[in-house]
Amino acid sequence: MQLLRKFRGANNEGSLALILLVVVLGMSLLNPVFFSVNTAFSILRAATVPMILALAVLLVIISGGIDVSFPVVAIGSAYTAVTICLKTGFDPGLPAIFGMAIVIGGLLGLVNGFVIAKFRLPTLIVTLGTQGIFFGAMLVYVGTRYYPTLPDSMAALSAVNVVELTTSAGRAYLHVLVLLSIAIALIIWAVLKYTMFGRSLYAIGGDAEGARRAGIRVVRTQLWIYVLVGMVAAIGGVAYVVMSRSANPQDLVGGELDIIAAVVLGGASIFGGRGSVLGTVLGVLLIQVINNSLLLVGVPSAWLRAAVGLLLILGVGAQAVSARRSAQRIHTVDTGEAVRLELEKVS
Amino acid sequence: MSSTTAPATQLADATGPAPVLSARHISKRFGGVQALDDVSLDLIPGEVHCLAGENGCGKSTLIKMISGAERPDSGEIEVDGIVHTRMNTTSAIQSGIQVIYQDFSLFGNLTVAENIVLTSAVAAKRKLYRVKDAREKAQAIVDELQLDLDLNADVENLSVADRQLTAICRALVSDARVIIMDEPTTALTHSEVEHLFTVVERLRARGVALVFVSHKLQEVLAISQRLTIMRSGRVVISGPSADFDRRSIARHMTGSDVEESRRVPDFDQTATPALEVRGLTLPGAFRDVSFQVGKGEILGVTGLLGSGRTELAESVFGVLPAKSGTIAIDGKPVRVRNIQDAVAAGIGYVPEDRLTQGLFLEKPIADNIIAASFNEHRNRWKLLDRKRIWGTITHFFDQLKIHAPHPNRAVRTLSGGNAQRVVLAKWLATDPKVLILNGPTVGVDVGSKAQILDLLRIQAERGMAVVIISDDVNELVACCHRVLVVAHGQITHELVADQVTEDSIQESMAV
Amino acid sequence: MKTEQAQPQAAENSLAAMNNRIGRVVTEAVGRTLRDRGVSRMLIALVVAFGFFAIMRPRIFLGPINLQNIMVAAPEVGVIAIAMMLAMLTGGIDLSLVSIANLSAVTMSTLFTAMAASNPAFGESMTVPIILIGLVVGAACGLLNGLLISLVGITPILATLATMQILNGLAVVWTGGKTLYGAPAALTTFGKTAIGPVPMLFIVFVLVAIVIATVVRSTALGRKLELQGANPVAARFSGIPSRSVLISSYTIGGLLAGLAGVLFLCRNPTASADYGASYVLLVIVIAVLGGTNPNGGFATVAGVVLATLTLQVVASGFTALRLSPYQYSIAQGVILVVVMILDTIQWSRPKWRKRGVTTDSASLQTTQVGTIKKDKEQE
């Protein structure tokens, strides 16, 4: 029993892993083509950008907030960086492009964080507003053009693969940016687990007033959360642009709820205080695996959204029902041992 | 009044070792209310100091001054010879002062170990969090106090008692030398209180000065070495606990010997009872409880916290539907599966926790009054009849003497007594046959208390059956025809007519 | 209200009395509405915005085409925003409304096309049943939300996020991601008719607003919705049947979304799964601007209607000024954030002061008991 509970994990990571395993095994039995390095690599590739964005949102959700502006921040900072390079005709190299995007993303996040922390407004409403502002500002002041070719350094990165294999099913490539998403996952995991900042996120998400009483500087921490989210989202944006080998300012926008769904599926609580990197990674992977499976089985990918919604209901519904059950069990009454034993006999 | 303060303080100075903390001549006004008036308090290492007084006497405010949450208008606090004219939370924690609030300020989503260590780590301005260090530190404290706490459990899965122990451990990690506990026993069962007291003894042995804020007499006497009683923002008396008995504490707390005198209206004992409960059982809370309340009768129900008395009331009202047993209203059996059933059957319930369960604080008084009787205020088009609603509201404003500038004001702006009248009005508007009140005068000032009891007598005279669940023995004696004493989920005593006296109730509760 | 007096009962006076009564009811209602902050604030905003664009571009902006356009475009968003307001009134949120509206539109379009395929006249004759089916689809989806939220106990934002995905997914699968053409001609005609200068669609919107406002203000259900949102625990202890109240709230919301689907078809005889994707968040903006408290308990329909019109006026004004929709997007965000900030400044000051005064220990202690109790309570 103890072992089982431990396996399930604090945020149901175990159950999620189990579902993932079942889906993978089932698919492999149904269609042996599925069980191949090619499939694995392409799933990882497809999961890269959603993973980075989901990890960004995870930070906000743990702290008890919600952010719907991150896709705009992501594409906005990446597109701005690309535009600057192309307009000036100067390619400063990858680190500088990433750096530029991260700075822009951080600044946009700072705007979110400032308004939220300073005026204590509901995070959903504020980011809804800034989403519109950022999106409009990008299109008005940066541009609306679609760039089919990227600066050379980025274009070069698009073609870099860490692993290239020839398998029976053809050549399989593992894109280099997959490593980036893994690195970000590891960093955020470490930040959440081994820094006071990370623990403060959980504390604030659990009880903001209690966190204040415990001496945590809630306002400052909140400000940093949104800056960090902006920075991580910007990395995700650049990764997206690199992997799609073009820059379109209208991309990513509108997908915020899908990403949030993946994070919640990964066991994060929408009320804050709960959530893990492992769960989020599993949540994103599960969605991508299902997506891939549907294609292989011949079900139109249109079913994906419905499937994700259904999984969400099952996952969250199970939690809600079990929470209700355990709440019913708690009685704070001191009936005395004798009475209790007798009652057990009766019932 | 303050003249009694001075000798008491001197007494403390003269007999004990040097105090670790002394608060001197603290005064504080909130708006027009003098919350604290020249209050002084000494805390001595290894002693439990009880701070007693009724709700609103200023004890919580005093604690806020000591913990730095509020600043006094005048006065000073001396810790280890350093005089602070004003504390802030950080300096208080650094001086070793820890307050354990009623809600414990714990993080339900974090583990016990994390909760124990987090505050001190924040105070130390750490950047990194070392999981292993944290565990070891927490384990050390838990071992020292010989507690049985699962360090890896999430706090939200703990019992209230274990949460409290976690909060105590957290205070000790920060090297607390003064631990102030705000109503520490309120939500604990009897055996849990006893366990807490053994932990308190260990803390004393460590040389910690403890403050218990409480309004429960028995506990106060059992655990403390020193006692300070407050009333209306002043210290009424302070001295060794041995010098007090239950009666004298009560006298100092209520501030008068003008206790409510017993006055019970007549009622027809032969009529069919308004409420009849037979063999009601809710596993884990109470079992096989039977009683009846006549039309016009006021029945008192008392018992220690955790005896099952609140659960019993909530069962009759459908909050926690009973597993077996029957409930009859006016002789007709009714099924109470939920609150709507109870309301439909003519049962009203004024909950103990008025602010969260009884009132819509941000909503107007008017909305609160008709919150349970919308369906009775409709016209033939099934729309709400404003005229009738207005009639109801003005009627209850008059009848219950609700003092408010306008019924459109939010309930949040009302005093405790007026807020309670609004809850009362809400139920009277449904014209219930049975009205159950849990702690009807908790947090209500003395004047309002008498008036509320009068209102209940009037309702009884009109034929309503009234059930009062209360800790306040004086209140039960004042207006109840009969008193039931509940212990361990069963009715152990029934006191009728002349048997209803303070002594007899106390006695039957003690057994 | 206090000076209510006995009405003259004589027969000859009844008409005058009636007039009198109606007059008083109207002034009372208007007065009550204006006292609401959301309403007065949005009224000012609407007048300012209208005046600004009227002065800047009188020819284009005040032209009958532009004004008609505003009135034709506002209803579909407005009806969904009112549905969102209902969900927020109970302290929830409904992200699935637009998906419901699209599913309803897709259902109606498919049904019509199937019926009209063999016999166009038959398809036309079935217009009313088709509309009813569209509304039923909406209400059924709303009912699903309500059941998930109240019976299963899933948080509204997650339950409706999930149903949004499911319903949208179904619509995508059904349409194959394409835009469907086909709707009863009667609907399209209705969409183009106007009484005088006022389009029928706008009249439908106003009627819906009046009905919902009556439900919220003057029925037991509406007041229970408010109280449920203001304090769910106290609502339960007051005998308010939370489950059925929540279910009705989301079902009515779904019904309104279904109606929005009908309005979609009135404007264009096309239906697709992805129509109005931007509406999902836009209606939240409108509801909040209209004075709806996202934490529940406070909302007015009038405020939401005015907010809808204000944003529509700003949108068409921007077009009149030849500004891009992207600039409008900025304006929309700025309006939302600024209004919210102004709100906190107005709200927080008196609140803060009051808190200072009532920090007597009695109220404080009870609050703390409250938190403990609440933990115990949570089911």
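Author: Residues are numbered from 1 along each chain as its sequence is written, with chains lettered from A and ligands numbered from 1 in the order in which they are written. This is a predicted model, in which local features need pLDDT of at least 70 and side-chain atom pairs count only at pLDDT 80 or more, whereas totals for chains, interfaces and linings use all residues.

Reader: Into which domains is chain B divided?

Author: Domain bounds come from an automatic or database domain assignment. In chain B these are domain 1 (2–96 + 178–254), domain 2 (106–176) and domain 3 (275–346 + 432–510). Counting two residues as in contact if their C-beta atoms, placed from the backbone, lie within 7 Å, the contact takes 13 residues from domain 1 of chain B and eleven residues from domain 2 of chain B.

Reader: Which helix gives the most to the side of domain 1 of chain B that touches domain 2 of chain B?

Author: Helices (H or I, at least four residues) and strands (E, at least two) are DSSP runs, numbered from the N terminus. On that side of domain 1, H7(B) gives the most, with five residues.

Reader: How do helices H10 and H11 of chain C pack?

Author: Axes are lines fitted to C-alpha atoms, for helices over the stretch in contact, and angles run from 0 to 180 degrees between N-to-C directions. Helix H10 (residues 200–218) of chain C and helix H11 (residues 220–230) of chain C pack at an angle of about 70°, their axes 5 Å apart, which means that H10(C) is roughly perpendicular to H11(C) (65 to 115 degrees). The contact is made by C:Val215, C:Val216, C:Arg217 and C:Ser218 of H10(C), together with C:Leu221, C:Gly222 and C:Leu225 of H11(C).

Definitions and conventions:
Parallel < 35°, antiparallel > 145°, perpendicular 65-115°, else oblique.
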